[in-house]
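Reader: Could you walk me through this model, starting with how the helices of the chains are arranged and then moving on to the sheet?

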2 protein chains.
Amino acid sequence: MSYFTEENSEEAVSARMGENVSPRLRQIMDALIHHLHAFVKEVELTEAEWEVAIDFLTKTGQICSDTRQEFILLSDVLGVSMLVDAVNHRAPDGATETTVFGPFHVEGAPERQMGDNICLDGKGEICLFQGRVVDLEGNPIDNALISVWSDNYEGFYDVQQPDIQPPFNNRGIFRTGPDGRYAFRGIKPVAYPIPDDGPVGKMLATLGRHPWRPAHTHFMVTADGYSRVITHIFVEGDRYLTSDAVFGVKKSLIIPFEKVDRANEAWQADFDFVLCRQKQNKG
Amino acid sequence: MSYFTEENSEEAVSARMGENVSPRLRQIMDALIHHLHAFVKEVELTEAEWEVAIDFLTKTGQICSDTRQEFILLSDVLGVSMLVDAVNHRAPDGATETTVFGPFHVEGAPERQMGDNICLDGKGEICLFQGRVVDLEGNPIDNALISVWSDNYEGFYDVQQPDIQPPFNNRGIFRTGPDGRYAFRGIKPVAYPIPDDGPVGKMLATLGRHPWRPAHTHFMVTADGYSRVITHIFVEGDRYLTSDAVFGVKKSLIIPFEKVDRANEAWQADFDFVLCRQKQNKG
C-alpha cells in the first residue's frame, strides 16, 4: 500500500474505484483523473488560483435556473460542446455538417404548410428559405421533417421575451413531399450576444473575448432511416463568422443571402440538406 | 482563417484569447483547454454522457451554501486538493509534511494555556497531545502558534452542531515558550464520513467508494520566519488509513496513540512539528 504522493496521484485516485464499476465509467473516470491531475501539475496551480476556480464553478452552478444553463454556456465557449458534436457526428463527405444544438429549441412548434411565414410579429427583413432534403446520391427524401427556429429582428428568441413576442415566433416544422422540396418565409437572422451578465460572460471579458454569435438560423432535419441533422445556416458576410463565441461556424454552412427585392428588403436563402442513412454515419 | 474542427479544436479555442491576457492566465487556460479537449477526444464522450456531466456540475453548484462547499468536496475526492497542496508545499526532507486544510477550520478560536483541555463538553476518550515545535536542525522554536481543531466523539465538528456543542469545542490555540514544547488535552479523534447526501456522495457510491475519513486531529503551526504547516495527525491502526476519501494520509503523519490509563480510557499522542525557514521551502 502506498499513500497519495505528487508522483503517484493519478494511480492513487483511480485505484480507489470499486470492482463493480462499469468498464465505460471506469474509462471515463480514469481519463478525467489523468487530465485533471496533469493540468494541476503542468501549471503548478497555486492555492489562490484553485480558490478562484472553486468560486467560479460554484457561481456558475448557482446562476443556473429553469431558463438559464450557465454550465452549457461554459461548455460552449470552451469549444467542448462543438467537440462533443464533432466526435459524435462524423458524417461522410457530402452530408450536411452539424453544429451546436443551442439552448433555444423548444418542443411543440406547429407544423406549417410550405410557403407559410414563421415570423408572426411581422418584424425584421423577410427572407424566403428554400431547397431540398436529399440523400447522399441526390435523391429527394419524402416525408422529412424540417424544424426551424431563429432569433427575431433584435436578436432574441421568443422564449427569451415571452411578454413581447407571440408564442412560436420564428419557429415552425415543415414536412417534405416526394420531391423533397421545402420553402417557407421567415426573417434574415441577426447576430446576437450570448448571455454575458454571469460568470461565463465575466470569464470571456477577462480573456479578451466578445460574446457574439454570427447571424444564423437553426435547423433540425429528420427522416425515417436517416441520421438526424442538427445544424445552422449562417449569413455570408457576417462580421462574427470568424469569431463565433461558441465556435459553431463551419464553412459549408455559410450561404449567401440574396437580396431579391430591394424595395421591401426581401431576401432569399437556398440550402439543400443532405442526409445520410443511419448505417452510413461513421459516428 | 480556419474554422473549428475536431482536429484543430484546441488551437481554435486558445487562439481566441486577446492580446492583453496575462501570461499566467494564458498558460492556465491553454493547459485547461488542452486537457478538456484531450479528455473528450480520448473517451469520445457521447452527448448523453455530456448531459450527465452538465447536470452533475449544476447540482454540485446548487447544493453549495454558506455552510456547504460541494465543489471543494469534489476537488477533495478526486485528489485535486491534495495535489494542489503537494505542488505548493514541497518541503525539505525532515520537515513536517502537509495535508488538506479541510472545510472545518474557523477563525477566532481562543488561545489557551499549556495543559488546558480543549474538549469543552467532556465527551470522548481523553488524550494528552504533546511534543515540540522545532526547526530542521532540531532547535526549539519560541513563540510558535499551534492551532488545533478536531471532531467530537461522534465525528462532528462544533460548527456542524451549533445547537449541540459549545462554541469552539475541541479547538484551541497554544503558544510555545523558549523550549518549543506544547501540551494540551483533547479527545482521541474518531473516523467520520464526509457529507455524502449530495452529488459528490452519489458519485462516490456509483464509483464503489466509501465516504469515510480516518480519525485525525487538525493542526496549523505558524512561527515568524518559518513556513506555515497545515497538517493532520492520524491515529495509527484506523481502518480507513489506506482508503481516506480525500487522500489526505501520509505515512509520516500516522502516529501511535498510547493508552496510558486503561481505567479512564486516557490516551497520549506525541508529535513534533518540524518547520522549515521560509527560504528553505522548495515550493
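Reader: How do the axes of helix α3 of chain A and helix α3 of chain B cross?

Author: The axes of α3 (residues 47-62) of chain A and α3 (residues 47-62) of chain B come within 7 Å and cross at roughly 95 degrees, where axes are lines fitted to C-alpha atoms, for helices over the stretch in contact, and angles run from 0 to 180 degrees between N-to-C directions. Helices (H or I, at least four residues) and strands (E, at least two) are DSSP runs, numbered from the N terminus. This is a predicted model, in which local features need pLDDT of at least 70 and side-chain atom pairs count only at pLDDT 80 or more, while totals for chains, interfaces and linings use all residues. Residues are numbered from 1 along each chain as its sequence is written, chains are lettered from A and ligands numbered from 1 in the order in which they are written, and side-chain values use heavy atoms, with hydrogens and water left out.

Reader: Which residues make the contact?

Author: On α3(A) they are T58(A), G61(A) and Q62(A), and on α3(B) they are T58(B), G61(B) and Q62(B), with contact meaning heavy atoms within 4.5 Å. The residues of this contact divide into no nonpolar, six polar and no charged; Ala, Val, Leu, Ile, Met, Phe, Trp, Tyr, Cys and Pro count as nonpolar, Asp, Glu, Lys and Arg as charged, and the others, Gly among them, as polar.

Reader: On to the sheet in chain A: what is the strand order?

Author: Five strands form an open sheet of mixed pairing, in the order β3-β2-β7-β8-β9 (chain A), and two strands pair if DSSP finds at least two bridges between them. The edge strands of chain A are β3 (171-175) and β9 (254-255), each pairing on one side only.

Reader: And how many bridges link β7 and β8 there?

Author: In chain A, six bridges join β7 (residues 216-222) to β8 (residues 229-235), and these strands run antiparallel; H216(A), for instance, has F234(A) of β8(A) as its bridge partner.

Reader: Is β2(B) mostly buried or exposed?

Author: Four of the five residues of β2(B) are buried, so this strand is largely enclosed by the rest of the structure; buried means under 20% relative accessible area, exposed over 50%, and partly exposed in between (1.4 Å probe, protein chains only). β2(B) is joined to β3(B) by five antiparallel bridges, and L145(B) stands opposite R175(B) in β3(B) and has T222(B) as its bridge partner in β7(B).

Reader: Switching topic, how many disulfides are there?

Author: The count comes to zero disulfides over all chains, a disulfide being a pair of cysteine sulfur atoms within 2.5 Å. For C127(A), the nearest cysteine sulfur, that of C119(A), is 11 Å away, and C127(A) counts as buried at 0% relative accessibility.

Reader: Last one: what does H105(A) touch?

Author: Not counting residues up to four places away in sequence, H105(A) touches S147(A), W149(A), R171(A) and M220(A). H105(A) lies in the loop between α5 (80-88) and β1 (126-135) of chain A, and is buried with a relative accessible area of 16%.
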